[in-house]
Amino acid sequence: MSQLRVGVIGAGYWGPNLIRNFTACPHTEVTAIADADANRLRTMGERYPRAKLCPSIEELLAVPLDAVAIATPVSTHHRLASLCLNAGLHLLVEKPLVLSHR
Ligand SMILES: NC(=O)c1ccc[n+]([C@@H]2O[C@H](COP(=O)([O-])OP(=O)(O)OC[C@H]3O[C@@H](n4cnc5c(N)ncnc54)[C@H](O)[C@@H]3O)[C@@H](O)[C@H]2O)c1
């Protein structure tokens with residue numbers, strides 16, 4: 001069975017847990033990792049050399065993916081999630097989804 005190609009956006013406190021678990025799962029592979037912080041991206045690159053490192057969501061969305069998981073600050077969720085859904089990708093967004101429903 002082929003693995004689901006997952007992109008993870010956000011490699012701060014929580015994102016590395018998602019990356020670790022998607023890597024450990026036999027049904028998924030972490031194909032791309034995006035973070036706005038170059039140092040965090042470099043650290044992930046040392047741990048996961050097969051993943052493409054992306055400084056922006058635009059670069060991540062240029063990689064062939066099946067699904068994206070978002071672990072960035074809540075204020076960024078709506079914009080990043082909208083871009084992923086408009087790209088036709090399956091999506092997991094960390095809680096809480098948004099700051100306000102208004
Ligand atoms: N499920 C849980 O139990 C659980 C636990 C902790 C945190 N969270 C959630 O995870 C999310 C992230 O929390 P955290 O504590 O890891 O935050 P964090 O600040 O430690 O990490 C966020 C990362 O996102 C990056 N980032 C910010 N804006 C970006 C953008 N536009 N594009 C790419 N990267 C960007 C930052 O550089 C940073 O590395 C939040 O929604 C938080 O509520 C969930």
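Leaving aside its neighbours within four places in sequence, which residues is Val30 in contact with? They are Val6, Val8, Ile19, Phe22, Thr23, Tyr48 and Ala51. Contact means that the two C-beta atoms, placed from the backbone, lie within 7 Å.

Some ground rules. This is a predicted model: local features need pLDDT of at least 70, side-chain atom pairs count only at pLDDT 80 or more, and totals for chains, interfaces and linings use all residues. Numbering starts from 1 along each chain as its sequence is written.

Now strand β2, residues 28-34. Five of its seven residues are buried, meaning 20 or more other C-beta atoms within 10 Å of the residue's own, again placed from the backbone. Strands here are DSSP E runs of at least two residues, helices are H or I runs of at least four, and both are numbered from the N terminus.

Take the β1 side. β1, residues 4-9, pairs with β2 in the parallel sense over six bridges; pairing takes at least two DSSP bridges. Val6 stands opposite Val30. From β1 the chain passes through helix α1, residues 15-24, to β2, a right-handed β-α-β crossover. Right-handed means clockwise from first strand over helix to second, with the strands pointing away from the viewer.

Next, β3, residues 52-54. It runs parallel to β2, joined by three bridges. Ala34 stands opposite Cys54. Helix α2, residues 38-47, links β2 to β3, and this β-α-β crossover is right-handed too.

Conventions
A residue is buried if 20 or more other C-beta atoms lie within 10 Å of its own, exposed if 12 or fewer, and partly exposed in between; C-beta atoms are placed from the backbone.
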